[in-house]
Amino acid sequence: MDIDKTDRKILEILQADGRIANVELAERVGLSPTSIGERLKRLQRDGFVEGYGARLDPHRLGLGLLVFVEVLLDKTTPDVFDRFAKAVRLAPEVLECHMVAGGFDYLVKARVADMAAYRRFLGETLLALPGVRETRTYAVMEEVKRDAPLPIG
C-alpha cells in the first residue's frame with residue numbers, strides 16, 4: 001500500500017509521541033483535525049499503526065539484565081519450528097524472538113532481574129522449550145541505543 005509524504009510525517013510524529021492530541025498533530029502536519037482523524041483511521045485499518053503503548057524503564061521495574069540468546073534446535077522441521085514458536089510466545093521474559101539464517105535457528109531477546117534470574121529462566125524455561133538442543137548467551141553490558149523509531153523518510 002502506498003502512503004504519501006503527509007502520511008509519513010504523521011507516522012514519524014506518532015512514533016515520537018503516540019499520545020499527541022489530534023488537534024496538535026493536525027497543526028504540526030498542516031491539515032484539519034478531521035482530515036487527520038480520517039488519515040489515522042486509514043493508517044490503523046491498513047496496518048501501518050499496530051498499536052499504542054508506553055515505554056517503561058526496565059531498571060525501575062527490577063529488570064536490569066538484558067540478554068540475547070542464540071538458540072539451536074535439534075531438528076529443523078516445520079513441526080519443530082511451530083512447537084518452539086508457540087511455546088516461546090508464552091514466556092513473559094522473552095521480549096523478541098526471531099528465526100534467523102546462519103549458524104543457529106533463533107535469536108531471543110529477554111529481560112530478567114539479574115544473573116540468578118537468568119539462570120532460572122535458562123534452566124526452567126528456555127532449555128525446556130520444544131526442540132532446543134543448544135544455547136549461547138550474550139549478556140548486555142550497556143544499551144547504546146534502544147527503542148529507536150523506524151526510518152520512515
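**Entry 1: Glu143 and its partner**

I began with Glu143, which counts as partly exposed at 30% relative accessibility. My scale calls a residue buried under 20% relative accessible area, exposed over 50%, and partly exposed in between, using a 1.4 Å probe and protein chains only. Glu143 forms a salt bridge with Arg146, and the closest N and O atoms are 3.8 Å apart. By salt bridge I mean a side-chain nitrogen of Lys or Arg within 4 Å of a carboxyl oxygen of Asp or Glu. Arg146 is also partly exposed, with a relative accessible area of 40%.

A note on the model: it is predicted, so I keep local features to pLDDT of at least 70 and side-chain atom pairs to pLDDT 80 or more, while totals for chains, interfaces and linings use all residues. Residues are numbered from 1 along each chain as its sequence is written, and side-chain values use heavy atoms, with hydrogens and water left out.

**Entry 2: around Asp7**

How many salt bridges does the structure hold? I find ten. One of them joins the side chains of Arg39 and Asp7 at 2.7 Å, N to O. Arg39 lies in helix 3 and Asp7 in helix 1, so this pair ties together parts that are 32 residues apart in sequence. Helices here are DSSP runs of H or I with at least four residues, strands are runs of E with at least two, and both are numbered from the N terminus.

Asp7 also forms a salt bridge with Arg42, with 2.9 Å between the closest N and O atoms. Arg42 lies in helix 3 as well, so its pairing with Asp7 in helix 1 links parts that are 35 residues apart in sequence. I then checked burial: Asp7 is buried, with a relative accessible area of 2%, and Arg39 is buried too. Arg42 is partly exposed at 24%. Together with Asp4, these residues (Asp7, Arg39 and Arg42) are linked in a network of salt bridges.

**Entry 3: the largest pocket**

Next I looked up the largest pocket, which holds about 1,300 Å³ of space. The volume is the space filled by probe spheres set on the points, which are joined across faces, edges and corners.

Helix 1 (5-16) supplies the largest share of the lining, five residues. Strand 1 (65-73), strand 2 (94-99) and strand 3 (106-112) each supply at least two.

**Entry 4: Asp147**

Most residues other than glycine have a negative phi. Asp147 has a positive phi of about 55° although it is not a glycine. I place Asp147 in the segment after strand 4 (132-139). Is Asp147 buried or partly exposed? At 43% relative accessibility, Asp147 counts as partly exposed.

**Entry 5: the loop between helix 3 and strand 1**

I finished with two residues of this loop. Leu61 is found there, and at 54% relative accessibility Leu61 counts as exposed. Gly51 is in the loop between helix 3 and strand 1 too, and is partly exposed at 49%. Gly51 and Gly18 are 9.1 Å apart in space, C-alpha to C-alpha, and 33 residues apart in sequence.

Technical notes. On a 1 Å grid over the protein atoms alone, a cavity is a set of points where a 1.4 Å probe fits but cannot get out, and a pocket is an open set with protein on both sides within 12 Å along at least five of seven lines; lining residues have an atom within 4 Å of a point.
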